Amino acid sequence: MIYLDNAATTLQKPQCVIDAVVRAMNSMGNASRGAHSSSLSASRVVYDTRCKIAKLFGCSRADHVVFTCNSTEALNIALGGLFVSGDHVITTDLEHNSVLRPLYRLEKEGIISLNFVPADVKGRPDYSAFETLIRRNTKAIVCTHASNLTGNMIDLERVGRIARDHGILLVVDASQTAGAVPIDMERMNIDVLCFTGHKGLMAPQGTGGLCIREGVEIRPFKVGGSGVHSYDKEQPSAYPTRLEAGTLNSHGIAGLSAALDYLNEVGIETIRSKETMLMQRFYEGVSRLDGITVYGDFDFERTAVVTLNIGDEDSAIISDVLYEDYGIATRPGAHCAPRMHEALGTTEQGAVRFSFSWFNTEEEVDEAIRAVAELAES
Ligand SMILES: Cc1ncc(COP(=O)(O)O)c(C=O)c1O
């Protein structure tokens, strides 16, 4: 199989990640739940991984790195725990349902009011709207770092400056960029960064988290066992315990730790330049074919995603044929990004997303171009 669905999850993981999980499963106790060596070794791995994540994303405090099982959980914790009745929130048409649904729910419950920065037909956000939508009661801008549909990135430094100048929070969904693109919470003025482990970070599924700027208060989403302050009726107030009730996925976190070492060894810039080269090669190969529509803006910073349609054929049929006849795995349909499909005009047809990773090759890209060319011709 040629796996080109890396924006959904990276299938191929570095061997050191697999080895680290197996080692952890053979040796780890429960982190922060005892003083015997297996519990302590789990605690050390978890703490070490917090430090590596803090360093990677420019989070000033390792104890403000909170682990979750994915970015959906991280976003639910952040959005559910930040807002109070009467707050106004600005988000964008580029968002994934992991941002939209928590916000829609808060809006429906009458807690927040919500406005959207619109995207144009190429999926580009209207940057002026980030500023014009701000009101007296605006608490936060919540936005993705990159669209999971077009691959186009949002200029976070620009949005971060607007947030800072108006004294509002910037909450970022880095699901598509964590591990694939350099992120610096300080430089970008990010207050809460939500990430997932199983995509660009090349870690196991079931890993992810939030990085929280010092001074930002998020109420606990779940409460329960913490291993400390067990006689208190309330969840401990200090991060990360405040947001981490229950046993952590330490086995997955051990894999995440190894993945971070791997990323540091190879270098995010090296990985990014290979993925960009593969994406560009594919884009150049398919965009000149008759009958192909490619979505998004290729003149602006982007992740390694190319999304297209062939004529007016249903994207699910194209994706099925690509897999059944050519062994190429892609993702059709709506990609959990309803407003972005509305902006692109693809709600009926969906679109076929090709997404590339560090482990893909130029030969695989060329095979995919050949397959698209054959389908376009037929
Ligand atoms: C932009 C974006 N946000 C959020 C998510 C949710 O990620 P997870 O499934 O890891 O929670 C995804 C996953 O596809 C995504 O692409």
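Colleague: Which residues in helix 1 meet which residues in helix 7?
Modeller: C16, V17, A20, V21, A24 and M25 in helix 1 meet S250, H251, A254, G255, S257, A258, A259, D261 and Y262 in helix 7. Contact requires C-beta atoms, placed from the backbone, within 7 Å. Helices (H or I, at least four residues) and strands (E, at least two) are DSSP runs, numbered from the N terminus. This is a predicted model, in which local features need pLDDT of at least 70 and side-chain atom pairs count only at pLDDT 80 or more, while totals for chains, interfaces and linings use all residues. Residues are numbered from 1 along each chain as its sequence is written.

Colleague: At what angle do the axes of helix 1 and helix 7 cross?
Modeller: Roughly 150°, and the axes come within 8 Å; axes are lines fitted to C-alpha atoms over the stretch in contact, with angles from 0 to 180 degrees between N-to-C directions. Helix 1 and helix 7 are therefore roughly antiparallel, a term for angles over 145 degrees.

Colleague: Changing topic, which residues are closest to the ligand?
Modeller: N70, T72, H96, N148 and T196 are the closest of the 13 residues that surround the ligand. A residue belongs there if its C-beta atom, placed from the backbone, lies within 6 Å. The shell divides into one nonpolar, eleven polar and one charged residue.

Colleague: And the backbone: where is the cis peptide bond?
Modeller: The cis bond joins Y239 and P240, with omega about 0°. P240 lies in the loop between strand 8 (208-212) and helix 7 (250-266). Most peptide bonds are trans, and most residues other than glycine have a negative phi.

Colleague: What is phi of N189?
Modeller: Phi of N189 is near 60°, a positive value. N189 lies in the loop between strand 6 (169-173) and strand 7 (192-196). Phi of M202 is also near 60°, and M202 is in the loop between strand 7 and strand 8.

Colleague: Is M202 buried or exposed?
Modeller: M202 is buried, because 30 other C-beta atoms lie within 10 Å. The cut-offs are 20 or more for buried, 12 or fewer for exposed and partly exposed in between, with C-beta atoms placed from the backbone. N189 is buried with 20 such atoms.

Methods. Nonpolar A, V, L, I, M, F, W, Y, C, P; charged D, E, K, R; others polar. Parallel < 35°, antiparallel > 145°, perpendicular 65-115°, else oblique. Contact = placed C-beta atoms within 7 Å.
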